[in-house]
Amino acid sequence: MRSFRPVLALGAGVAVALTLAACTASPESGSPSTEGEDTLTIYAGRNEALVGPLLEQFTEDTGIEIDVRYATSPELNALLLEEGERTPAEVFLSQDAGALGSIANAGLTSPIPAELADLIPAGFTSDDDSWIGVTGRARVIAYDGEHLTPETVPDTVDALAAPEWKGRVAFAPGNASFQSFITALRVLEGEEAAAEWVDAIAANDPILTDNNLATLDLVNEGQADIGLINHYYWFERAAEEGEENMRAQLEFLPGDPGGIVNVSGAAILKGAEGDPDALAFVEYLVSEKAQRYFVEDTFEYPLLPGIAAPEGLPSLDSLVNPELDLADLESLEQTQQVLADAGLL
Amino acid sequence: MPHLRAARPPRALLVAAVVACALAAIPLGYLLVRVGSAGFEDVLAVFDRPRVPVLIGNTVLLAASVTLSTVAIGVPSAFLLARARLRARAVWTVLAALPLAVPSYLAAYGWLAALPWMQGFWAAWFVLTLVAVPYVTLPVAAALRAGTTGLDDVARTLGRGPLAAFRLGTWPQIRPAVLAGALLVCLYTLSDFGGVALFRYQVLTTAIQQAYGASFNRDYAAILASLLVLLALTVVIAEQFARGRAARQFGAVTGQPRQRRVRLGQWTAPAVVLLAVPSALAVAVPVTVLVVRLFEAQTLRAFHPAELVAATGNTVLLSAGGALVAIALALPIGVLAARYRGRVVRAVETTGYLALGLPGIVVGLSLVFFSLAAVPALYQTAFVLAFAYGVLFMPKAIGGIRGATAQVPTSLEDVSRTLGNGRLRTWWLVTARLARPGIAAAALLVAVTAMKELPATLLLRPTGTDTLATELWSRTDVSAYGAAAPYAVTLILVAAVPAFLLSHARAGAGELEEATA
């Protein structure tokens, strides 16, 4: 094509470079070098469609401008570890406790003030105030409502290792919540029993997925009879497709390691120690208003005492395993070794 | 290659190529640092995991089978496009390029939504083959247009059948283009994440993503990524070896290009099926499914046209920036590889190709690491993201530039030099001018690929800047597939523009071989 003249190409190149430069120079692009202004930089490991409205409300209520970087929690976790203390982020809002524990262990967080940390009951937040719990999410069994009735669905994950479930159970071995459940199994039932269960389930021809949503989809499409997921994925899917169209149904597992409650949470990063805006944001997340938002819009359990759980869900107290402390869930490496030995990772 | 210089490469060119290589090798350096910090025992422990041999086997099987099937579909398609009497040839050429506009994750999602039982090897093989066929079809069609059928005629007069004549006459001419296309497909399959992940086929890239994902174990991820680099290295060296032999064969071809157009007759119907079906399956099915979802969705989450416009603008600018960086890096390497031989040249070219075998998340993290260490002021700016696109997709430009440069007769450069022009001036006046369509095609190919890129974009983009791919991701991630549809359709439409220009540029640049390679 004759139109691709070098001069034209060069002109286009200069134009692109200038525009990229303009992009970069503009204040809202939030490069780390733009210091001194009032913008609070948040890394949000939660989906924009879910928490975006709440973050906008925060700016409206407090006048604090924010720059939000959305990605998955694991991606932001990897990013924060790579950035270290040079991160432009001031607050990390994470989908699960594991990622928060990981950056806390790397020494990248600054302590949450005690009067704030104490708002959330022990067991749902870090034991050293390195991060704060925001919402609770229960592990559940999703089952194919056309193949199974509530009576035939096991109410303990131990049963899933039986031959009758061969080839019928789906889960995501790489997912943080799944690994937390395995850790709970190790803590509650002992290393040997946990390894036995993992070996048995691995030998039972499981359907391996990449994440909870893919697991739920398999159940919803009739490809798997049982899926191990977090409860709120069902509600997200139901909001998209209509509750009456959901083939998958939920079975909660009170008292079982397979039904433990994990949390989402937030940490103030080291560089933002003492930053009033960062503190205001974390305070906002555990305020009544934000907690109600999570209940109504994302179907998660509020952690602030006195706020009612989403309708139709078993109470948080009934799910909590008193013998389990969230801090016990930090021994992730052993869990991964168990999964790797069984050929699941 | 026919126009090769025996002399040592000029120092300036060599230095430029080595600098470009060094920049392109940043992700490899990062991997070395990570694997080094992991220690020998951790590296060995990886091989104790029963899953690792399975991952390697699956990766090799998928890459080999996708490569074979794209060649099996792409070469006959290219023959039809270049040598058959076809009605509406321009339309078929555009159709052949269109799958380039469809990201593998989007095609996989569309098929999965239509046929939920699709999973595993066959599903991944099917969708990756569909979206990767143009990487073979386009360069081979260009090589066929540039070649001559004169040798086939000679073979026919010596009593050979038409197929034997093609094998003796035309095949040696198009073999480098077939190899270059196959190399691209193979590296693309090795590094693809979205297509395989959605079908739950476990390969190295999914395991790498998982290791960065839940385990926060960057060392394990780096060791797996290094295994992937070794696989890519093997493939690149094998291609160079095969190309070297092909080049010697091709070097014997001389004379004026002469082309006969083949009458299809009773083969018209199968030919049309071959040309139409892969593109329809790659493009029409996912788009239709998404649009249907758009109307079925009960909660079409708030749709802001301004967001769509902003994301489209960012996508176009960033991918254009990426294309410029890629061309700048690939030019010295491509010119060097086209004109000179030797161990250094070969090493430079090999290094240049390796980034294509790396998953986006590894390149993304390595540039986080590098830009924070070297140019912290530029961290999380559009520059670093455009640079990442350049590094990631530069290999796609190397082949095109090498091919286009190789076709420019060195005698023309010699004439310019005897007229008193310097090397650089000669390159600009003669070589660049003649190789221009091939270089433009290479730039378009980088741009179209950069538009679809997701993992590196998520890590490196300026905070608050969204592209079509990231907007699409943020919606499909919460299963708001209805809300994702406008972004998906826009992404395909925007990426279709360079894909269209690419097929068009190629038609006009018939004298160039393997320009997309």
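User: Is B:Ala88 buried, partly exposed or exposed, and at what relative accessibility?

Analyst: This is a predicted model in which local features need pLDDT of at least 70, side-chain atom pairs count only at pLDDT 80 or more, and totals for chains, interfaces and linings use all residues. Residues are numbered from 1 along each chain as its sequence is written, chains are lettered from A in the order in which they are written, and side-chain values use heavy atoms, with hydrogens and water left out. Buried means under 20% relative accessible area, exposed over 50%, and partly exposed in between, with a 1.4 Å probe and protein chains only. B:Ala88 has a relative accessibility of 47% and therefore counts as partly exposed.

User: Where in chain B does B:Ala88 lie?

Analyst: B:Ala88 has a positive phi of about 55° although it is not a glycine. With helices taken as DSSP runs of H or I of at least four residues and strands as runs of E of at least two, numbered from the N terminus, the place of B:Ala88 is the loop between α4 (51–83) and α5 (89–97).

User: How many helices and strands make up the secondary structure of chain B?

Analyst: Chain B has 517 residues, of which 62% are buried. Its secondary structure comes to 24 helices and 0 strands.

User: Which element gives the largest share of the lining of the second largest cavity?

Analyst: A cavity is a set of points, on a 1 Å grid over the protein atoms alone, where a 1.4 Å probe fits but cannot get out, and its lining residues have an atom within 4 Å of a point. The second largest cavity holds about 80 Å³, a volume being the space filled by probe spheres set on the points, which are joined across faces, edges and corners. Its lining includes B:Ser77, B:Val133 and B:Leu274, and the elements giving two or more residues to that lining are α8 (134–146) and α15 (268–296) of chain B. The largest share, 4 residues, comes from α15(B).

User: How do the residues of that lining divide into nonpolar, polar and charged?

Analyst: Ala, Val, Leu, Ile, Met, Phe, Trp, Tyr, Cys and Pro count as nonpolar, Asp, Glu, Lys and Arg as charged, and the others, Gly among them, as polar. The lining of the second largest cavity divides into 7 nonpolar, 3 polar and no charged.

Conventions: On a 1 Å grid over the protein atoms alone, a cavity is a set of points where a 1.4 Å probe fits but cannot get out, and a pocket is an open set with protein on both sides within 12 Å along at least five of seven lines; lining residues have an atom within 4 Å of a point.
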